[in-house]
Amino acid sequence: MKKIILICLAMLLAPLTQAAPLFKEGVNYDVVRQTGSAKPEVMEFFSYYCPHCFQFEPIIQALRADLPADVAFVRNPVSFLGREMGAELQRAYALAIMLKVEDKFTPIMFDLIQVKRQPPKDRAAVKAIFEQLGVSGEEFDGAIDSFAVTGQVAQYDRNTASLNIRGVPSTVVNGKYLVKSESLKSQDEYDQLVSFLLNKAD
């Protein structure tokens, strides 16, 4: 009787075991740093000039909405796309975060560059976008080159270099694991892999 119960239990658990993907280092993720972040964190490297980042936006936003409350979500713009405006929009993103308008700034910027094909040509064009969001020209001028914004841009560059980010979009979990998005087939697999890496103890 005991043997029959164990067999039945195994049959019930089998579908659950098969349903959970088996994620492997080198296949689904790479270890890019030996020491992870002090707290749970998901960091997305992106550029407004990257069409794949634009397509990835609904996926990353869905993940962001479902992250546990104790997991920080951080976006890291890179400067290696967009020529001189890549660095300018990196700075603009840091300012948008500081002024708490990033949730409006990012959709506008993706729409201008990826949909309307009207990328900003200079800082004046970027300033005009901030003014549309209710930021005065004086506030923009006083903050865009501030110590706080410049320091944050330097941090973006350090993150990109230290984690050896060569392409975007890229997702790094806990400052240690780089998701290999090309190995995944769905939003569910992406979410499950991020969860797996957040809870990975090693």
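**Exercise 1. Which residues line the largest cavity, and what classes do they fall into?**

Solution. Start with the lining: F46, S47, Y48, Y49, P77, V78, L81, G86, L89 and Q90 surround the largest cavity. A cavity is a set of points, on a 1 Å grid over the protein atoms alone, where a 1.4 Å probe fits but cannot get out; lining residues have an atom within 4 Å of a point. The model is predicted: local features need pLDDT of at least 70, side-chain atom pairs count only at pLDDT 80 or more, and totals for chains, interfaces and linings use all residues. Residues are numbered from 1 along each chain as its sequence is written, and side-chain values use heavy atoms, with hydrogens and water left out.

Next, sort by class. The lining holds seven nonpolar, three polar and no charged residues. Here Ala, Val, Leu, Ile, Met, Phe, Trp, Tyr, Cys and Pro count as nonpolar, Asp, Glu, Lys and Arg as charged, and the others, Gly among them, as polar.

Then find the main contributor. Helix α3 (residues 84-98) gives the largest share, three residues. Helices are DSSP runs (H or I, at least four residues), numbered from the N terminus.

Last, take the volume. The largest cavity has about 60 Å³ of space.

**Exercise 2. Which helix gives the most to the lining of the largest pocket?**

Solution. First list the lining: H52, F56, I59, V168, P169, S181, L184, K185, S186, Q187 and Y190. A pocket is an open set with protein on both sides within 12 Å along at least five of seven lines. The most come from α2, with three residues. By class, the lining has six nonpolar, four polar and one charged residues. The space in this pocket is about 190 Å³.

**Exercise 3. How are α2 and α4 oriented to each other?**

Solution. Take the axes, which are lines fitted to C-alpha atoms over the stretch in contact, with angles from 0 to 180 degrees between N-to-C directions. Those of α2 (residues 51-66) and α4 (residues 102-115) come within 9 Å and cross at roughly 150 degrees. The two helices are therefore roughly antiparallel (an angle over 145 degrees). Now find the contacts, meaning heavy atoms within 4.5 Å. P51, C53, F54, E57 and R64 in α2 meet E102, T106, F110, Q114 and V115 in α4. That contact has five nonpolar, two polar and three charged residues.

How values were computed: Angles under 35 degrees count as roughly parallel, over 145 as roughly antiparallel, 65 to 115 as roughly perpendicular and the rest as oblique. Grid points are joined across faces, edges and corners, and a volume is the space filled by probe spheres set on the points.
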